[in-house]
Amino acid sequence: MFKRRFWAVMLVLVAGLIGYFVYSTNGPDSSKKFKLGLDLNGGIELIYQADTSGIAIADISGKMNSLKDLIEKRVNVFGVSEPIIQIEKVGMIGSDASEQLIVDLPGQTDIAGAIAQVGKTYVLEFNLLKKELENSTSTLPLTADSFESTGLTGAFLEKATLEFNSTTGEPSVALQFDSEGSDLFAKVTRDNVNRRLAIFLDGDIKSMPVIREEITGGKASISGGFMGSAGIKEAKDLVSNLNLGALPIPIELISTQSVGASLGIEAVNASVYAGFWAFIVIALFLILWYRLPGLLAVISLSIYVAINLAIFKLIPVTLTAAGIAGFILSLGMAVDANILIFERMREELARGRELGDAVKEGFARAWLSIRDSNTSSIITAIILYAFSSTPVVKGFALVFGLGVFISMFTAITASRTLLLAIKHDNAGKVMKFLFSSGGHK
Amino acid sequence: MFIIKNRKIFYTFSALLIIISIVSLFVWKLELGIDFKGGSVVEIRYVDARPEVSVIKQNISDLAQTISLGNYVLQPVGDSDFSLKSRLVSDIERQQIENAFSNNGTIKTELKKVNSIGPLIGKEAAQKAIVSIILVILCIVLFITFAFRHVSKPVQSWKYGLMAIIALAHDVIIPTGVFSILGHFKGYEVDTLFVTALLVILGFSIHDTIVVYDRIRENLKNSISQNDKKDFETIVGESVSQTFVRSINTSMTTILALVVLYFLGPEATQHFSLALIIGVAIGTYSSIFIASALLVTIEKWQKQA
């Protein structure tokens with residue numbers, strides 16, 4: 001008996017410490033505060049579809065990663081705290097499969113600015129004018145169809161610099177390719193002497209020089225479009241933008257979401273408020289119906305809450321309104337294991353067992369139901385997590401799955417330790433009353 | 001046992017609900033949210049007093065003409081907010097909409113929420129939703145078949161799985177039907193969160209069903225070892241009544257939590273909690289009144305065959 005009580009006290013102490021950890025790390029400067037999703041914190045989420053049609057399948061993931069790095073740099077220039085940039089494969093099979101880039105900017109409100117900063121598509125391409133059109137350029141309007149791709153793009157760019165023509169003073173943008181790009185550039189120029197090579201920026205022709213000879217060393221230049229002081233600025237911007245990254249893959253904005261900070265705060269308050277009252281209502285129900293075991297279940301539920309919140313902080317789990325809803329839902333479900341055990345205990349008591357035996361038997365028999373039923377909930381959570389198309393659903397699935405898992409743990413450890421710690425021998429009338437439940441004699 | 005004896009009454013009741021749901025789904029369909037069909041929602045908050053609704057309506061309708069917005073839904077939200085739902089708008093159009101709301105900047109507004117979703121994402125979300133519902137059902141049936149593999153008499157374990165699916169279909173169809181009715185009369189939309197709610201309902205309902213099946217499994221074993229020659233119907237009836245209080249109480253605590261969430265929780269999860277409340281109630285009902293009763297029915301069929 002002493003040993004059991006010792007463990008029960010230890011359990012409550014440890015849970016208290018966990019609770020204190022959760023409580024004490026909520027300050028604004030704490031490194032362990034709750035991580036809030038965009039819907040609670042306010043911010044912008046942009047989702048881009050990457051056009052991978054022109055890229056060999058083997059290269060896609062590498063290019064997507066360099067795309068991600070480039071966007072990260074752009075966002076950092078923007079000065080967002082803790083941006084999250086993710087690549088997401090969508091579509092499950094073959095031709096439907098495509099790549100998306102998800103950019104989360106917490107705390108931002110300037111949608112137009114964010115889109116401009118992130119999504120500027122400096123797609124630099126070097127395309128050859130088709131042979132049959134070479135003599136008629138002056139008469140025909142040129143379209144994208146008038147050119148053939150050389151495979152040389154901004155992805156091979158090492159750096160861009162601003163230069164001025166020593167005689168006219170006109171600015172030009174000098175491009176330096178990386179070694180792979182230099183080889184490709186040399187090959188393109190060697191094979192296509194006397195043809196016209198157009199430099200495309202974002203689908204616009206920037207210049208279209210004639211290739212005179214093979215160019216080795218990987219140097220090219222964009223010139224002729226920069227007039228006057230506006231031209232200098234344009235050239236400067238172009239240089240910095242090219243250096244910040246000509247996107248290796250063209251991207252298209254397909255989803256914008258923005259949540260104002262005030263809406264986020266309202267949602268947080270409402271969530272906390274709802275969570276608090278849900279707990280109180282459940283606790284009242286448990287105590288009124290199951291009396292003493294009900295009270296123990298409430299303690300065990302508190303331990304569940306403390307562990308869960310601590311894990312949210314430690315992993316850390318990004319909490320969204322849906323995630324918190326999942327947590328509140330799991331409060332209701334976490335009680336289930338306790339109820340299963342109590343109902344089983346009550347049956348054993350009704351069969352005339354001693355209180356202590358009834359508690360043990362109740363646990364042993366309820367365990368199978370608890371295990372099987374929770375397994376199905378965990379299966380649901382895993383599938384939800386794996387197949388969710390939105391971060392909202394992912395957040396919900398993670399919280400829900402964790403909740404089911406932890407509730408199983410607290411039911412078989414906490415509830416059990418607490419119930420066994422109560423003096424069962426020679427249980428008098430009072431004890432029997434406390435252990436029976438509402439609705440039953 | 002009352003429930004098992006009178007199972008036909010409950011079958012009829014469920015069949016009725018399902019028919020109403022399916023008819024409503026055919027006639028009124030579902031009001032799809034923009035995360036499935038693509039589009040934009042812009043929500044504005046007026047920092048000071050909200051201007052006359054008619055003024056805003058006029059401004060938006062003028063703008064809708066110029067940028068050919070097509071069908072749109074303009075609604076006041078609460079005391080100080082307004083929301084505009086329309087086709088997918090570009091960022092420039094979004095700024096024009098903001099301007100229309102703020103009467104060209106003369107009334108102070110704050111952008112509360114913007115949600116623009118391209119049709120591509122919507123299509124993908126819808127696909128994923130269907131795939132995940134099917135997968136969840138499939139995995140659960142496999143799991144039940146596995147968990148009850150030692151039970152073969154008088155009803156084989158895969159039939160437990162099959163009956164569970166019928167109960168699951170019941171639990172998914174009815175809340176969907178309710179949302180189709182709510183969609184028609186009150187404009188409630190079905191979004192990815194609704195699908196999430198359906199999946200949780202599946203999980204919850206199966207959770208309940210497994211607890212009853214588990215009890216049937218145990219009572220069958222006891223009956224065999226004691227050789228008391230109880231018939232299957234009696235065993236199922238006893239199992240249902242033994243787990244009855246637990247099922248009701250677990251659902252009670254869950255529904256209590258959800259009701260609190262519905263009334264006190266954030267706006268964003270209000271319809272979500274409503275879907276869950278309906279689903280949990282229906283799921284509990286089907287676990288008690290349908291899933292186990294079906295086992296008895298199938299056992300009777302086997303005997304006749």
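Before looking at strands, I noted the pairing rule: two strands pair if DSSP finds at least two bridges between them. Helices (H or I, at least four residues) and strands (E, at least two) are DSSP runs, numbered from the N terminus.

I am working on a predicted model, in which local features need pLDDT of at least 70, side-chain atom pairs count only at pLDDT 80 or more, and totals for chains, interfaces and linings use all residues. Residues are numbered from 1 along each chain as its sequence is written, while chains are lettered from A and ligands numbered from 1 in the order in which they are written.

**Entry 1: a strand across the chains**

I started with S12(A), which is joined to strand S4 (residues 109-117) of chain B by 5 bridges, the two running antiparallel. I asked which residue of S4(B) A:Thr256 stands opposite. I found B:Ser116 there.

**Entry 2: chain A overall**

I counted 11 helices and 13 strands in chain A. Of its 441 residues, 43% are buried (20 or more other C-beta atoms within 10 Å of the residue's own; exposed is 12 or fewer, partly exposed in between, with C-beta atoms placed from the backbone). For contacts in chain A with a separation of 6 or more, residues 24 or more positions apart account for 73%; contact here is C-beta atoms, placed from the backbone, within 7 Å.

Strand S7 (residues 157-164) of chain A runs antiparallel to S8(A), with 7 bridges joining them. A:Phe164 sits opposite A:Pro171. The hairpin has 6 residues between the strands, and A:Gly169 takes a positive phi near 75° in it.

S8(A) also has 5 bridges to strand S11 (residues 219-223) of chain A, again antiparallel. There, A:Gln176 has A:Lys219 as its bridge partner.

**Entry 3: the four-strand sheet**

I traced an open sheet in chain A with the order S6-S5-S9-S10 and antiparallel pairing. Its edge strands, each pairing on one side only, are S6 (147-153) and S10 (204-207). S5 (residues 124-129) and S9 (residues 197-201) of chain A share 5 bridges. One bridge pair I checked is A:Leu128 with A:Leu197.

**Entry 4: helix on helix**

I looked at helix H9 (residues 355-387) of chain A against helix H6 (residues 119-147) of chain B: the angle is about 155° and the axes are 10 Å apart. Axes are lines fitted to C-alpha atoms, for helices over the stretch in contact, and angles run from 0 to 180 degrees between N-to-C directions. So H9(A) is roughly antiparallel to H6(B) (over 145 degrees; under 35 is roughly parallel, 65 to 115 roughly perpendicular, the rest oblique).

The residues making this contact include A:Ile379, A:Ile383 and A:Phe387 of H9(A), and B:Leu135, B:Cys139 and B:Phe143 of H6(B). By class, I have 11 nonpolar, 4 polar and 2 charged residues. Ala, Val, Leu, Ile, Met, Phe, Trp, Tyr, Cys and Pro count as nonpolar, Asp, Glu, Lys and Arg as charged, and the others, Gly among them, as polar.

**Entry 5: the whole A/B contact**

How many residues of chain A are in contact with chain B? I get 60, against 57 residues of chain B. H7(A) gives the largest share of chain A's side, 14 residues. That side has 36 nonpolar, 19 polar and 5 charged residues.

Note on methods. Contact = placed C-beta atoms within 7 Å.
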